[in-house]
Amino acid sequence: MGKDNLAAFKAYDVRGKVPDELNAGMAYDIGKAYAAEIAPDGAVAVGRDVRDSSEELSAAVINGLNDAGIDTVDIGLCGTEMVYYASSIEGMGGGIMVTASHNPKGYNGIKMVRKAGRPISADTGLMDIERRVRTKDIPASASTRGKASSRDVMEGYVQRILSFVDVSALKPLKILVNPGHGCAGPALDALAPHLPFEFERIFWDPDSTFPAGVPNPLLMENRAMTADAVTGKGCDLGIAWDGDFDRCFFFDENGAYIEGYYLVGFLAKRIIEIHPGAGIVHDPRLTWNTIDLVDAVGGKALVSKSGHSFIKEKMRETKALYGGEMSAHHYFSDFSYCDSGMIPWLLIAQEMSATGLPLSKLVADRIASYPCSGEINRVVDDPDTIIESLVEKYRPLASSFSDLDGISLEFGREWRFNLRKSNTEPVVRLNVETSADTALLKDKTDELLAIIGGAE
């Protein structure tokens, strides 16, 4: 295996172009390396997304695990959170999902977890698996081959998801749902008979050609299709998902996209109201709204470095009930501390049912209180130099500074910003927020972008 192949190993998973950076031979080796490094004490659940290469890659992973003496349970086409769920079933020893989520066509990837959905990332075993694959430090095939079986986990998964809401209290909302031809459609079909909602479906069937574009609702150009359908069909709410549906994205009844940041504070507040004094974990990119809401109801707002492995580790360490990232990842302690793209929208629909208020009204005052730029990405030649120049310019003026995740600087309670660099490309990511001052938000965002430069 050449050097280029190993570029597929990222901070949290394996992701690369097929077949140059990721192929069946590498997937087989990863299966064997996972077995050697993780030593699962039960069968490993293996799932896959809709991409053309996913079936071949998942078969290769299963073959590698079986040759290493590990039993496998193929759960078929599914979302990443269904692998998390399956890894938590009694007797299971871990989980592997073959998916490239929202990446362009031609890519695929592998996400790995230990038993009960515990993450495997760069500092919790992923680089050890990479080393084994790179150096061929992979044991010979076991004398007794592991057994390969398949299992439909959908019914159990659906019941687990439904346990987060009081189904009897839900109202017959009309909801626009857009899986973007990813994997969310079958899960929603399984949920639908248990719910009173009227679903308006677009881009529904899993389709590896992605005729509506690769499912990535974070891209501005991908939002219009959902927004237009919400208003055109007169829906109360719109939901879109990425390819493996571990993230969900919200549109209000007017078709307006609601930044994930405001949903973090919203869900945190509701959970603390039910569990007084509970802790919640949030990322450092945008914070004031979340902290304000959590403090107001007597909870504990705990900051963690961005990224699923850091959030999950912090939640377990502090026994926090919920974790949220502005990037639309929402984590729940009762879901093995894992992220779900189905639980959040059900909780929002439950709140809409209970209050009789549309989503726009539920979040309007928070958006006005803490307007934000949303995450702005810029391609730059030297991210480290850009970050150093901003620290030099702004730190003497700041009331607080943190380098927990990139740099975060606050200027009293007027405005703050976070700038962090990508782990995998020459990109910096900027987030700015203010206290109820949209003019200042624009001024400071423009000021920072002028210094950062780069290309969109």
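This is a predicted model: local features need pLDDT of at least 70, side-chain atom pairs count only at pLDDT 80 or more; totals for chains, interfaces and linings use all residues.
Phe266 is among the buried residues of helix H8, which spans residues 260-274. An α-helix has 3.6 residues a turn, so residues three or four places apart point the same way. A further contact between a charge and a ring involves Arg201, which lies over the face of Trp204 at 4.6 Å from the ring centre.

Helix H8 comprises 15 residues, and the distance from its first C-alpha to its last is 22 Å, close to the 21 Å expected at 1.5 Å a residue. The helix is mostly covered, with 12 of its 15 residues buried. The buried set includes the run Gly260, Tyr261, Tyr262, Leu263 and Val264, and also Lys269, Ile271 and Ile272.

The structure contains 16 aromatic pairs. One of them joins Tyr394 and Phe417 in an edge-to-face arrangement, with 5.6 Å centre to centre and 75 degrees between the planes. Tyr394 belongs to helix H13 (residues 383-394) and Phe417 to strand S20 (residues 415-421), so the pair ties together parts that are 23 residues apart in sequence. Tyr394 and Phe417 are both buried. These two residues, together with Phe411 and Trp415, form one aromatic cluster.

How values were computed
Residues are numbered from 1 along each chain as its sequence is written. Side-chain values use heavy atoms; hydrogens and water are left out. Helices (H or I, at least four residues) and strands (E, at least two) are DSSP runs, numbered from the N terminus. The expected span of a helix is 1.5 Å times one less than its number of residues. Buried means under 20% relative accessible area, exposed over 50%, partly exposed in between (1.4 Å probe, protein chains only). Rings of Phe, Tyr and Trp (its six-membered ring) pair if their centres lie within 6.5 Å; planes under 30 degrees apart count as stacked, over 60 as edge-to-face and the rest as tilted. A charge sits over a ring if NZ of Lys or CZ of Arg is within 6 Å of the ring centre and within 35 degrees of the ring normal.
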